[in-house]
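Okay, thanks for coming, everyone.

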Amino acid sequence: MRLGRIDPSALEQIALALAERGYGIWPNFWPQEEVQGLLAEAEAGWNAGVFAPAHIGHHGSRQRRPEIRGDWIRWLDPEALSPAQARYWAFIEALLRALNRTLYLGLHGVEMHLAIYPPGTGYRRHLDQFRDAPHRVVTCLLYLNPDWKQEDGGRLLLWPDPNREDVYEAVLPEAGTFVCFLSDRIWHEVEVARRVRYSLTGWLRRRTLWD
Ligand code: OGA
Ligand code: MN
């Protein structure tokens with residue numbers, strides 16, 4: 001992926017993967033110097049205490065259950081992005097337009113947060129679209145962790161077929177790796193990490209009755 005000029009063939013490949021398989025995994029996708037900048041900002045935010053513990057459920061059922069979901073998050077404000085965040089956001093918006101053009105997904109907005117999993121935490125198997133969050137259509141993940149090793153745990157597991165527990169993809173959250181999948185179709189899990197794990201998680205949204 002080259003910056004400045006967002007590569008149209010990369011966007012097409014992502015659209016094709018979503019249409020054909022419902023997910024795609026691209027190692028070494030986002031430039032390393034960009035990822036380093038995003039990581040440094042996330043570390044600075046963590047040290048400054050701006051991350052909040054993530055919750056599960058919505059509205060009435062919203063609760064903190066660190067044994068199910070142990071990450072800490074910081075929502076990005078599209079009006080107050082750092083330059084490195086703005087460049088990644090622009091790519092995600094280009095992807096949104098490409099998906100609308102080629103797959104007619106009717107997407108209209110982006111929401112994104114930084115996520116930090118302290119050692120000993122993960123996020124058990126789930127879908128990103130559920131009754132109380134029907135607006136999430138496509139999940140996009142960018143990992144920020146240089147030299148992630150198998151023994152560091154924290155892999156993302158993806159189950160392409162809900163009826164085949166034994167068939168899954170395992171992704172190391174290595175710096176620059178980009179993953180995207182259909183939020184209502186692909187069950188996934190973050191294995192417990194043994195080292196602090198940083199990522200940038202975005203969702204492409206569609207309009208709902210209330211927005
Ligand atoms: C999520 C999620 C996966 C990851 O935040 O919903 O599934 O690899 N994240 O960080
Ligand atoms: Mn998820």
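I'll start with the ligand and then move on to the sheet.

Quick ground rules: this is a predicted model, where local features need pLDDT of at least 70, side-chain atom pairs count only at pLDDT 80 or more, and totals for chains, interfaces and linings use all residues. Residues are numbered from 1 along each chain as its sequence is written, chains are lettered from A and ligands numbered from 1 in the order in which they are written, and side-chain values use heavy atoms, with hydrogens and water left out.

So, what surrounds ligand 1? There are 13 residues around it, and the closest are His126, Asp128, Tyr143, His188 and Arg197; to count, a residue needs a heavy atom within 4 Å. By class, that shell has 7 nonpolar, 3 polar and 3 charged residues. Here Ala, Val, Leu, Ile, Met, Phe, Trp, Tyr, Cys and Pro are nonpolar, Asp, Glu, Lys and Arg are charged, and the others, Gly among them, are polar.

Now the polar contacts, meaning pairs of N or O atoms within 3.5 Å. A polar side-chain atom of tyrosine 143 is 2.5 Å from an oxygen atom of ligand 1. For arginine 197, a side-chain N or O atom lies 2.8 Å from a ligand oxygen, and for histidine 188 the distance is 2.9 Å. How much of ligand 1 does the protein cover? It's 99% of the 290 Å² of accessible area that the ligand has on its own, using the Shrake-Rupley method with a 1.4 Å probe.

Which strands build that shell? Strands here are DSSP E runs of at least two residues, numbered from the N terminus. S5 (123–126), S6 (136–143), S10 (187–190) and S11 (197–206) each supply at least two shell residues, and S11 gives the largest share, with 3.

On to the sheet. It's an open one of 7 strands, in the order S1-S9-S6-S11-S4-S3-S2, with antiparallel pairing; two strands pair if DSSP finds at least two bridges between them. S1 (23–26) and S2 (52–53) are at the edges with a single partner strand each, so one side of each has no neighbour in the sheet.

Let's zoom in on some pairs. S6 and S11 run antiparallel, joined by 7 bridges, and leucine 142 stands opposite leucine 200 in S11. S2 is joined to S3 (residues 72–75) by 2 bridges, with alanine 52 partnering isoleucine 73. S3 then pairs with S4 (residues 107–117) over 4 bridges, where arginine 74 has leucine 114 as its bridge partner.

Methods: Polar contact = N/O pair within 3.5 Å; in protein donor to acceptor, adjacent residues only side chain to side chain.
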